[in-house]
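This briefing is meant for a reader meeting the structure for the first time. Please look over the sequence and the model before reading on.

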Amino acid sequence: MSSSYSQQVPDLLHRNGGGFADTVPSRPHHHHQGLKDRGKSAFTRLQLIDQDQAFSQELTAYMQKKWRLFENGFDYNVVSVFGSQSTGKSTLLNRLFGTRFDVMNDAQRQQTTRGIWADRGTDGMPVLILDVEGTDGRERGENQDFERKSALFSLAISEVLIVNMWEHTVGLYNGANMGLLKTVLEVNLQLFGLQRENRTLLYFVIRDHVSPTPLSSLAKTLKGDLERIWDSLNKPEGLEQARLEDYFDLQFESLPHLLLQPENFEQLALKLRNQFTDKADGKYVFRKAYKRRVPADGFPHYAESVWEKVVSNKDLDLPTQQELLAQYRCDEIAAAAIGPFRQVVDSVRPRVQSGQIVDELGETTRAARERALDDFDQQAARYHAEVYKKKRAGFVQTLDGELHAVYLNQVKNALTLAAESFASEGQKRLEENREAGFGETIGALRRDVAKRFNATVDALAIPDAPWTFASEITQLDMLLETTTAKLRKAEMERVLQALRREARDTMSEVIADHLGNPDDGMWPGVMAGFDAASSDADAKLLLRMESAGVETAAYSTLYRKLHKALWDDAAEALREEVGDQMVLLKLRTALEDRFRYDAAGLPRVWKPSDDIDTQFSTARASAGALLPKFSKVDIRGSIKLRSREEFFPPGYDFTRTLVLITPARAREVSKRFSREADALYLEAKRSMVATQSQVPMWMIALLVFLGWNEAMTVLFNPLYLVLVAMAGGTAFVIHSLGLWGPVFRAVNGMAGMANDQVHHLLVEAVNRTDPAAKIKRSGSSSSSSSSRSRRHNYVDEDGDNIEMEALGSNSSSGGSPMLADSDEVGVRGSFGSIKSSSSSLSASSFNKPL
């Protein structure tokens with residue numbers, strides 16, 4: 001294998017040194033299978049931006065007529081390449097997209113691509129490819145102005161930015177163009193960060209990957225470098241928390257050495273080509289997230305406006321290597337100096353985040369900040385002065401930014417603690433010092449809480465800090481004011497409740513007194529009591545409102561709220577006093593006072609000569625007349641209730657509260673009162689009859705005289721005396737307990753049971769005569785017999801016939817026997833009749849043995 005690049009790889013490109021555009025003829029065939037068709041491209045390339053930074057005005061014509069991209073609308077993609085000079089960028093693009101960008105001549109080793117060239121991919125690929133001039137070329141020397149602008153332009157308009165680099169430069173700052181990339185990313189964020197809606201894919205291709213280091217390790221190193229660069233950027237306002245992944249996706253691929261492993265190179269290059277052409281490929285790069293949403297016919301104007309914005313930007317003018325070195329070293333020094341500082345901050349951050357107030361936070365972190373600045377100044381001050389000042393300002397901003405986050409957390413904790421302590425301590429002090437005024441108690445507490453909070457804030461002060469905690473102090477004032485309003489409201493509610501309880505106790509006595517003695521002065525007396533209680537409560541409420549600092553505009557609202565509560569309590573007490581039982585009691589008491597007692601207040605003893613009917617009718621009518629008086633409140637005696645619109649809150653239904661007894665209830669109470677009045681009338685009548693039906697005295701004397709001997713017998717005979725005493729005691733107990741009815745029923749039951757038992761015993765005694773004797777029954781079964789009386793014939797022990805008629809039969813009347821066809825018989829006399837079959841006993845009766 002030859003060492004010559006030109007001998008190993010056929011020249012697929014036709015160099016054209018002059019003009020903005022040229023047409024490259026196709027070659028008949030290609031050395032490598034799979035890439036041979038790329039040499040047949042009929043598309044042309046265009047120098048979009050020349051080395052003098054002039055933008056081509058032919059882009060519209062090329063995209064419309066030669067590249068035919070206008071007809072694709074939004075369905076096209078833009079790819080750019082970025083990398084150092086002579087790293088094979090053009091070669092890579094020619095392999096991936098079949099283009100014919102100029103490649104380097106190994107014999108000369110000089111810059112090939114000047115400015116930015118554009119072309120369309122072959123095989124119908126709707127891809128616009130930009131070949132950007134390489135960086136770090138000797139032709140431009142330290143003048144990196146165009147490098148930065150071209151890189152920034154490519155990054156701004158491309159969906160995919162291919163970063164071409166050698167493997168041995170991975171991990172190097174200058175060799176991997178990290179300094180330039182940092183500048184480009186920073187300016188890109190400033191120019192397009194706020195308007196950026198789509199991400200960009202940074203597609204890293206690591207060339208000449210021949211070492212055993214795996215691609216994953218190289219990718220990890222590059223990703224770490226990019227993240228450090230991103231963290232060190234001076235981000236514009238509003239994007240301080242922006243992350244690298246918010247704007248860019250990263251993808252890493254590698255290719256082997258073109259000269260040492262040409263076959264492997266071509267095979268892997270073909271696989272990379274599939275990532276740009278085959279949508280089914282798992283690593284297909286043209287995703288919707290990268291689309292700029294610029295139609296093809298509007299792309300020329302869009303690209304030109306972006307270039308003008310890039311060219312006019314002053315932040316890209318960093319011409320000298322000294323400044324780049326100063327930037328690099330200042331970043332390293334800052335990274336080393338900030339380490340101990342972060343250790344101090346991280347040691348206290350968990351405590352602050354947990355809600356604690358760390359007293360030593362300000363002193364400890366300020367000391368760490370000063371040490372970090374001293375370390376930075378001692379080493380970084382030796383480098384470029386302007387870069388040092390700029391980097392120091394950024395370093396201070398980083399330190400203060402981290403401190404501000406912790407300090408703000410501490411202030412928030414103090415703010416929360418101050419609000420909570422103010423609320424809890426305020427409630428506690430108000431409960432402990434009821435005699436002290438609200439304004440004095442809460443005012444002193446508020447000053448104490450504000451003093452403690454300000455002490456916490458002052459401990460976190462940093463000289464020349466770009467931030468203050470004025471908003472948090474204002475927020476504390478608002479929280480204290482809000483809490484004070486809540487405490488004031490709670491205090492006023494407590495005062496209203498206390499005044500309400502005091503007035504309710506007073507009104508309850510007044511209402512009970514006047515409604516207990518109903519007369520013409522009942523309602524005026526109740527209303528006078530309400531006015532007095534209301535006036536007293538108003539005077540006390542005024543003192544409390546002035547002490548609590550209540551606004552004058554709120555006085556009327558509190559007054560009306562108090563008046564409503566007072567009247568509700570009075571109405572409730574009135575309704576309790578005129579409940580059904582209470583009204584009946586009052587009416588019955590009024591009736592009894594007028595009916596049972598005379599004008600002098602003495603109890604009446606009714607005599608037959610008294611006109612009880614007239615007296616009762618008059619008393620009942622007088623008592624019944626009180627019911628309508630109890631049914632509705634008469635407020636004519638109240639001075640305050642005359643202007644009800646100003647006394648009560650708007651919308652309060654005062655008229656409804658005046659009705660104490662509805663008409664339906666009044667009718668029911670009237671009925672019940674009539675029944676109780678009738679009972680009183682009957683009781684009076686019975687007492688009058690009792691006085692008329694007394695036993696005459698001569699009758700009592702006669703009974704005593706006639707029963708004298710019997711009484712003496714009982715008194716002088718111990719047995720009779722004991723029996724009479726027992727009988728009298730039993731009768732007294734039964735009478736006292738009201739058990740005469742049950743006793744009579746029990747005696748009747750026992751008598752019936754005894755009668756039945758004697759009856760059965762007699763029947764059984766009759767049936768148990770001589771077992772050998774036969775029972776003969778008399779009676780005829782002929783149809784002509786009109787009598788159905790049945791008799792039973794028995795033979796006694798002497799052989800005599802005994803005829804027994806059924807129990808309950810009546811021989812004389814011919815009635816039906818009660819025990820017809822029964823085995824039971826009755827013995828005439830007390831239980832039946834017994835007839836002998838002969839008037840005399842036969843002789844044989846005496847001859848029977850006993």
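One place to begin is R68, which is found in the loop between α2 (59-66) and β3 (77-83), and which has a positive phi of about 55 degrees although it is not a glycine. The model is a predicted one, with 26 helices and 12 strands in the protein. Buried residues make up 41% of its 850 residues, and among contacts between residues at least 6 apart in sequence, 73% join residues at least 24 apart.

**Confidence**

- The protein has a mean pLDDT of 76, and 78% of its residues reach 70 or more.
- Confidence is lowest in helix α1 (residues 5-8), where the mean is 32, and highest in strand β4 (residues 116-120), where the mean is 91.
- Over residues 1-42 the pLDDT is below 50, and this stretch has 84 contacts in the model beyond near neighbours in sequence.
- A further stretch, residues 106-111, also stays under 50 in pLDDT, and the model has 14 contacts for it beyond four places in sequence.

**Nonpolar cores**

- The largest nonpolar core holds 102 residues, of which F376, F395, W567, F595, V633 and L641 touch the most other members.
- Helix α11 (residues 385-432) gives the most to this core, contributing 13 residues.
- Apart from this core lies another, made of 60 residues, among them A118, L130, A219 and F299.
- Leaving aside residues up to four places away in sequence, L641 touches M527, F530, W567, I635, F647, F648 and F654.
- As general background, nonpolar side chains tend to be buried together in soluble globular proteins.

**Aromatic pairs and a charge over a ring**

- F530 lies in helix α14 (residues 522-548) and F647 in helix α19 (residues 644-647), so the pair ties together parts that are 117 residues apart in sequence.
- Both F530 and F647 are buried, and they belong to one aromatic cluster together with W567, F648, Y652 and F654.
- Elsewhere, the charged end of R45 sits over the ring of W117, at 5.2 Å from the centre of that ring.

**Helix α3 and the residue after it**

- Helix α3 (residues 89-97) is mostly covered, with 9 of its 9 residues buried.
- Just after α3, G98 takes a positive phi of about 70 degrees.

**Backbone and local positions**

- D123 has a positive phi of about 60 degrees although it is not a glycine, and its place is in the loop between β4 and β5 (127-132).
- With a relative accessible area of 55%, D123 is exposed.
- D536 has its place in helix α14, where it counts as partly exposed at 38% relative accessibility.
- Although D536 and A503 are 33 residues apart in sequence, they are 8.5 Å apart in space, taken C-alpha to C-alpha.

**Annotated regions**

- According to UniProt, in an unreviewed entry, the feature "transmembrane region" is placed at residues 695-712 and 719-740.
- In the model, the span of residues 719-740 is 91% helix and 0% strand, and its end C-alpha atoms lie 26 Å apart.

Conventions
Residues numbered from 1 in each chain as written. Predicted model: local features only at pLDDT ≥ 70, side-chain atom pairs only at ≥ 80, totals over all residues. Heavy atoms only, no water. pLDDT = per-residue confidence, 0-100. Helix = DSSP H or I, 4+ residues; strand = E, 2+ residues; numbered from the N terminus. Contact = heavy atoms within 4.5 Å. Core = buried A, V, L, I, M, F, W, Y, C linked by side-chain atoms within 4.5 Å. Buried < 20%, exposed > 50% of the residue type's maximum accessible area, 1.4 Å probe, protein only. Phe/Tyr/Trp six-rings, centres within 6.5 Å; stacked < 30°, edge-to-face > 60°. Lys NZ or Arg CZ within 6 Å of the ring centre and 35° of its normal. UniProt positions renumbered as here; feature names shortened; annotations may be inferred.
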